[in-house]
Every structure is written in C-alpha cells, then in structure tokens.
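This report describes selected parts of a structure for someone who has not seen it before. Please look over the sequence and the model first.

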Amino acid sequence: MKKLVLVSLTAILTLMMFTANAVMAKDTLRLLTWKGYAPAKLVKDFEAKTGIDVKLTYSNNEEMIAKLRATRGGGFDLAQPSQDRISFVQMKFPVYQAIDYSRVNTAQLTKSMLDAVKRNTAVDGKGYGVPHCYGTTGMIVNKKLAPGANDWSDLWNPKYAGKISYRLKRPLLIATAFGMGEDPFALYGDIDAYRALMKRVEATLINGKKFVKNYWTSGDTQVAIIKSGDANVISGWDGKGWTLHKTNPDIDFIAPKSGALGWIDTFALPAKSKNLDAAYKWINFMMEPKNAAYFTNKEGYGTASAGALEFLNDEIKANFSRSFPQADLDNIKWHPPVPAGFEKIEAKVLDRIKAAK
Amino acid sequence: MNKKGSTFYLLLIPVLLWLVVLIVTPHLDLMFRSFRLETDEGNMIFSLNNYLTFFQDKIYWLTFVKTALYSIFVTFLAFVVTFPVAFYLTKVVGKRYSGFMTLLLLIPIWIGELVTVYGWMILLRDNGVINNFLMRIGLIKSPIEMLFTNFSMTIGLLYMSMLFMIVPMMSALDSLDDSLIEAASDLGASKWTIFRQIIIPYTTPGIVSGGIIVFMLVIGDYVAPNILGGKSSLWFTEQIYNKFLASFNWSEGAAFGFLLLLLSSTIIWIALKLTGQKLERVGS
C-alpha cells in the first residue's frame, strides 16, 4: 500500500513538472539581453497584445556567450549579442540557429544595417543576426573640470592624472590602438601583426596606469564614477553620456578625434530556443517604428528601425548633432567581426595590465 | 526490518543526489576539462599544459601568492579585531544584552555583500561621508584617497568575513570556566599571562575553525576585490572568471579552479599542523 502511494506520488510530481514545463514553453519568451533593452512599458504592451510572458535576464557580451555555451544554446528563446561576437562563436560552439528572414518584418528595418549585420554574422552563407540598435563607445567628459579632453590619447594624458577611468575590456584595447594612430581593424587578417600591436598597446596602458583612478566595470559604475566626481575623463557609451548630460550639462559624450567605436547589437536565436514564434513576434514588435522610437527616446541608443525617426524627441536628435559633427560621424570605426583566437591574445594583455603596478 | 530498510534508502536518496549531482559530477567534469587542450587545428587532446601555464607564466602564480598572502593577513586582522568583541560579548556583558548585540552583528550578513560593498563606497569616496567629516572638523585640507586602494579592499574583505570569526570564538569562550581566570588572577598572574597561557590555548580550536572559514571566504571572494580594490587588485578568482568569460578558455579556467582548491587546502593544512604543534608544546 505504502509503495503504491509512493509510486503514484512520484508519478504525479513528474507529471506536474512536465506540464509546468510545457505550459512555460508555450507562453513564455525567455529573453537574454542587456539592461535597458526591454523597457518595462514595451514589455507590458507586448504581454497585453500577445499574451506571452516575457522573462528577462540581463547580461553582457562575454556572459551571454558563456551562458549559452554552458547550455549548448538552451535556456533562452532569444539573445541580443553584438554583431561582431556572433560568427566566430557560432563556428566554434554552435549555440545559435540561423535566422529565417522571411519571418522578420524586414520592411521596417534600415536596409544598409540589415545587410551589414547579415554579412557580418554569416556562417556558411546563412545570417545569424537581426539588427536592433547601434551606438558608439567614445568618451564621457566633464567639460568644466577637464577642458580640452577630446581624444582616446587623453586616457593616458598626465594632464588629467588621477581623474581618468575606463573599462578594461577589449574595446579599450582597440580604442588605445586608434589613439596611438594605428588601425587595429586593418590587422584583423594578420594575427602576428595584431599580437605585436597589442604589445605596444599594453606598454602604453601600463605606462598610463598611474594616471587612472579606477577601472569601471558596468554601465552603473560607469555613470557613478563620473557623476560622483571621482573621475572627469572616462571611456563610455553615448547613451549613458547623454543621459548624464540631462542632469549635469557639464558632462557630455564626446566622439574622440581618432574615431568613436561603433557597435550594433542584434537579435539572435539560441540553438535550443523553445519558442521561436514568440521570438520573431518580439523582434517585429520591438522594431515597430513607434516602439523603437520609445526605446531610443528612453535609452538614447540609435535604432535600426527605419521609420522611427519621426517619433524621436528633439532632445535625442540634438544629442546626435552635438556629439557627432559630420567629420566625427564619418570617422566612426564600426567593429568588424572578431576573428577566432584574438580574444585569447587580448585576455592575456588585459590580465597583465590589471596586474601591473 | 524491511520497513526500516526502505526508510533508510528513502532518506539516502536526497543525500546521494545532492552529493553526486551537485558536487561530484560537476567537479569531475571540470577535472576532465582541465586536462584538455585545444590544438591550433582545433582538436581536443589530453595535456597538462593548462596546469603548466600557471607555473610558467609569472603573472598567474604571482597573483596567487598575492591573493594568498592578503587572505592570511585579513584572517589575522579579523582575529585581532574580533577577539575583544567576542570576549566582551561572552565574559563582560550580561547574557540578555549579549544576545541582542550578537543579533546586531548579524545584520550585515542579512543585507548581502554587494550592498555592503556599495555602502562602503559611499563612505570612502573622495567626497564621501568620511572625507567630508574629516574636512568639516578641519583635520585634513584635501580628501584622502581611500576608495579603490588596497585599504578599501581590506576593509571590505574584513567587514564581510569578521562575523565568521566571532561566532566560533564566542562559543569557545563561552565554555571557558570563569573560575579558571579568577584562580589565575588570585595566584598573581598578570592580565597578559592570563591571556597568553589560559585564554588563547583554551580558545585555539575556535580561533582555528574561525580562521579557516575566514581564509576560505576571503581567498574565494570576488566582489570586494573587484569593486573596492581598484586598478591593481587582480584577485585570483578574477583570473578564473576572466578565463571562463573573457577568453572563453574553459580548460585553463578549470585548471586554475583546481589549483585554487589545492593550494588553499595546502595552506590550511600547514596552518593546522602549525597550530597543532603549538598545542602540544603548551600542553607538555
């Protein structure tokens, strides 16, 4: 008798687990994204419109890859990696699946950006990404306390000693190379030349380390360090700089003279996505001009949605014209796809800089 | 008999599940991974290279040595700071108040490490609470740089691990019979002699167990060194994190994880041996 009770109990429990799983897979969209990429209002609108629950997990490029790799592309229905971090990952650990562009409402996307992303994320002729938004990494400067700072090379300029901060990650190495007058992207085809360039970058940053206040590590610490006055010249993202400008007009985003670094973040489908329908619905919903404009007005990042321009605030338009005069706009260095093996070289360089005195 | 057997196995299942699924299997997986090396052609081969990297590349073992020395230092500091507190709470103040005060000590643990770390940032930054206060009362002219230094990192590490030193020490002190101290005092022993010859030997087990916990917590911490530590505070855990997340080299990350486990266990073993010898010497 006892055995029977036990067996039936186990059976019921297992059944419950399976049904719970099935129900979840049916009505939930598990989205792996960046903070701010799924504004609460849009999530609510989407849930009201489609009846699909949206479950958000915040991450960044490095963690996104690690998470998906750990589950071999499971656990999430939609992810938002940067376009330069897709193809080399896909070639090595197949964590994504190709996009069926016929299910994406491509008419509402900026064509040039869609084509670029398709090309840059391609593996075996199939595209793995849909553009969502773009922005630049440049500098955020307190113009009153650090007048004249306008180039990457100011990140190791003794003039701003003790008031400099940046994130010690790969974009900073690229930025430093541009600040030294080199072109790292041109060396993407030649790993030995790139390694030599990274050696020079390392020397520059270790020499300049004594001027650095601290390395910021996330969007929040980036904002905090310049807002609190701990630093006046930092590397930063345009959207963050413009948000800061609203509360303190002395602080603003600046496109460095040697070139701001342009990135495009995408939508990509994890290999074991359980709810492709919801994923495509979310992509099309987010890229509707009105919704895309809401996101840009709120976060400050440019959108890949073609018709969004007319819904943008004047303030957002002003940001672009203030920080990007035509010459700087033309000088944006767009990240090409990272070749395999390069991150290994960079990781060692970053370790050595961090450990240096 | 049969009945008892079935209950026994029923209770054994969760234990085994916990041990095998959540502890043994992941460790075995990591262990296999740590011996795998990707060749330039992209093949996976068996190799000791991941472990050799640690010893060949100066930066890795130097970081580990630094991390270990700092952890030992913080453990020692934790003892120095918490011993008077533990003594006061068990021997000086009344039972009723001591319970309440112990509860107060627990509060930082409830809040969580990340929040307390941000709290320390507010206190320590250039225009933060402490600097503002010191400047207001005219003690200093310009702010002292405290945040993002080894000082702020040590404070962060100490603050979050102190409690784990106090609790075992209090339970050891609690069982120390007051009459021993009184007797020594009657026989003319100085306070220092009482401390050295009676209290310390008696509480050594508590100090050692507290020390082990604090050492393990500190050497395996990631948050405090990362956020409070500043630009040169490369902690060994951060290097493991970077291996996994920045360079996607899971094999090397796994090898480093095992090295951390092995080396920190060795340090604890040595510490145990050392204190064990002391105990014998005092006993004879």
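## Strands of chain A

In strand β8 of chain A, A:Ile234 is the bridge partner of A:Ser165. The model is predicted: local features need pLDDT of at least 70, side-chain atom pairs count only at pLDDT 80 or more, and totals for chains, interfaces and linings use all residues. Residues are numbered from 1 along each chain as its sequence is written, while chains are lettered from A and ligands numbered from 1 in the order in which they are written.

Helices (H or I, at least four residues) and strands (E, at least two) are DSSP runs, numbered from the N terminus. Two strands pair if DSSP finds at least two bridges between them. Strands of a sheet pair through backbone hydrogen bonds, either parallel or antiparallel.

| Strands | Sense | Bridges | Example of bridge partners |
|---|---|---|---|
| β5(A) (residues 130-142) and β8(A) | antiparallel | five bridges | A:Met139 and A:Ser235 |
| β6(A) (residues 164-166) and β8(A) | parallel | two bridges | A:Ser165 and A:Ile234 |
| β1(A) (residues 28-33) and β2(A) | parallel | six bridges | A:Leu31 and A:Leu56 |

Is β8(A) enclosed or open on its two faces? A residue is buried if 20 or more other C-beta atoms lie within 10 Å of its own, exposed if 12 or fewer, and partly exposed in between, with C-beta atoms placed from the backbone. Five of the five residues of β8(A) (residues 233-237) are buried, so this strand is largely enclosed by the rest of the structure. In a regular strand the side chains alternate between the two faces of the sheet. Both faces of β8(A) are covered, with A:Val233, A:Ser235 and A:Trp237 buried on one side and A:Ile234 and A:Gly236 buried on the other.

Chain A also has an open sheet of three strands in the order β2-β1-β3, with parallel pairing. Its edge strands, each pairing on one side only, are β2 (53-58) and β3 (78-79). Helix α10 (residues 276-286) of chain A lies across β1 and β3 of chain A and runs at about 60° to β1(A). Axes are lines fitted to C-alpha atoms, for helices over the stretch in contact, and angles run from 0 to 180 degrees between N-to-C directions.

## Helices of chain B

Helix α7 (residues 150-174) and helix α9 (residues 191-219) of chain B have axes that come within 8 Å and cross at roughly 160°. Two residues are in contact if their C-beta atoms, placed from the backbone, lie within 7 Å. The contact includes B:Phe164 and B:Met165 of α7(B), and B:Ile213 and B:Val214 of α9(B).

Helix α10 (residues 223-228) of chain B contains B:Leu228. B:Leu228 is buried, with 27 other C-beta atoms within 10 Å. Its C-alpha atom is separated by 5.8 Å from that of B:Ser152, 76 residues apart along the chain. Leaving aside neighbours within four places in sequence, B:Leu228 is in contact with B:Val117, B:Trp120, B:Ser152, B:Met153 and B:Gly156.

## Where the chains touch

The contact takes 19 residues from chain B and 22 residues from chain A. On the side of chain B that touches chain A, α3 (58-92) and α11 (236-245) of chain B each supply at least two residues. α11(B) gives the most to that side, with four residues.
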